[in-house]
Amino acid sequence: MRQELLAWFAQEGLLLQNITTGSEDPEHDEVKVIVRAPIVALGRGREDFRECPDPVAFGYPESCLELMTLDDFHWFILRWFEGAVAAGRARCFVCNEVLDNTSGHPWDAVFVSADWHCWLVVHFDCKRYLGRDLKGRNPFEVELREPEMFDLRLTESEGQ
């Protein structure tokens, strides 16, 4: 992850920290601090967690983070999820069904800020069960993959 993006997450208070100590041998005790940027989840499976996409990798200018607010970043992540849904890669975090825009089952991107700092997608009807499905999960126990590259360009109808 680019240092500029990591610094932006730190500035916004979005870095997760995990602190462990090796208390088995007090003479050689050490403190280990792990810092993690927010993550995105294309579903609830072990293979569904991704590093947070970097706007610069999607054609945003290098200086975009200087001007970006958290709401702007939420919008960017929503556009990324729209690309994932269009590609058939996103699953509801609760019911694990593949999301689409034609089934009459609307979905939403959600930012989980308590304990996680994670964006995920979920059907509107499944949102009420989200807390139950997050319980017992630890963001430091998931293995992250690189985010997929989806086309995030606005279409003419969206730009008007």
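In this report, a residue is called buried when its relative accessible area is under 20%, exposed when that area is over 50%, and partly exposed in between (1.4 Å probe, protein chains only). Helices (H or I, at least four residues) and strands (E, at least two) are DSSP runs, numbered from the N terminus.

The model you see is predicted, so local features need pLDDT of at least 70 and side-chain atom pairs count only at pLDDT 80 or more, while totals for chains, interfaces and linings use all residues. Residues are numbered from 1 along each chain as its sequence is written, and side-chain values use heavy atoms, with hydrogens and water left out.

**The chain as a whole**

Let's begin with the overall picture. The protein chain holds five helices and six strands, and along the sequence they follow the pattern α-β-β-β-β-α-α-β-β-α-α. The C-alpha trace spans about 65 × 40 × 20 Å along its principal axes. Of the 160 residues, 39% count as buried. Taking a contact as heavy atoms within 4.5 Å, residues 24 or more positions apart account for 60% of the contacts with a separation of 6 or more.

**Helix α3**

Which residues of α3 are buried? They are Phe 73, Phe 76, Ile 77, Arg 79, Trp 80, Phe 81, Gly 83, Ala 84 and Val 85. Just after α3, Gly 88 takes a positive phi of about 75°.

**The nonpolar core**

A nonpolar core is a set of buried Ala, Val, Leu, Ile, Met, Phe, Trp, Tyr and Cys residues joined through side-chain atoms within 4.5 Å. In the largest one, which has 43 residues, Phe 9, Phe 73, Phe 81 and Leu 120 touch the most other members. At least two residues each come from α1 (3-11), β3 (39-41), α2 (64-67), α3, β5, β6 and α4 (130-134). The largest share, seven residues, is supplied by α3. In soluble globular proteins, nonpolar side chains tend to be buried together.

Leu 120 deserves a visit of its own. Leaving aside residues up to four places away in sequence, Leu 120 touches Ala 41, Phe 81, Phe 93, Asp 108, Ala 109, Val 110, Val 112, Leu 130 and Leu 134.

**Residues outside the helices**

Glu 141 sits in the loop between α4 and α5 (156-159), whereas Val 31 belongs to strand β2 (residues 31-36). Their accessibility is set out here.

| Residue | Relative accessible area | Class |
|---|---|---|
| Asn 96 | 26% | partly exposed |
| His 117 | 12% | buried |
| Glu 141 | 61% | exposed |
| Val 31 | 58% | exposed |

How far apart in space are Glu 141 and Asp 72? They are 28 Å apart, C-alpha to C-alpha, and 69 residues apart in sequence. Val 31 and Leu 5 are 26 residues apart along the chain, and their C-alpha atoms are separated by 26 Å.
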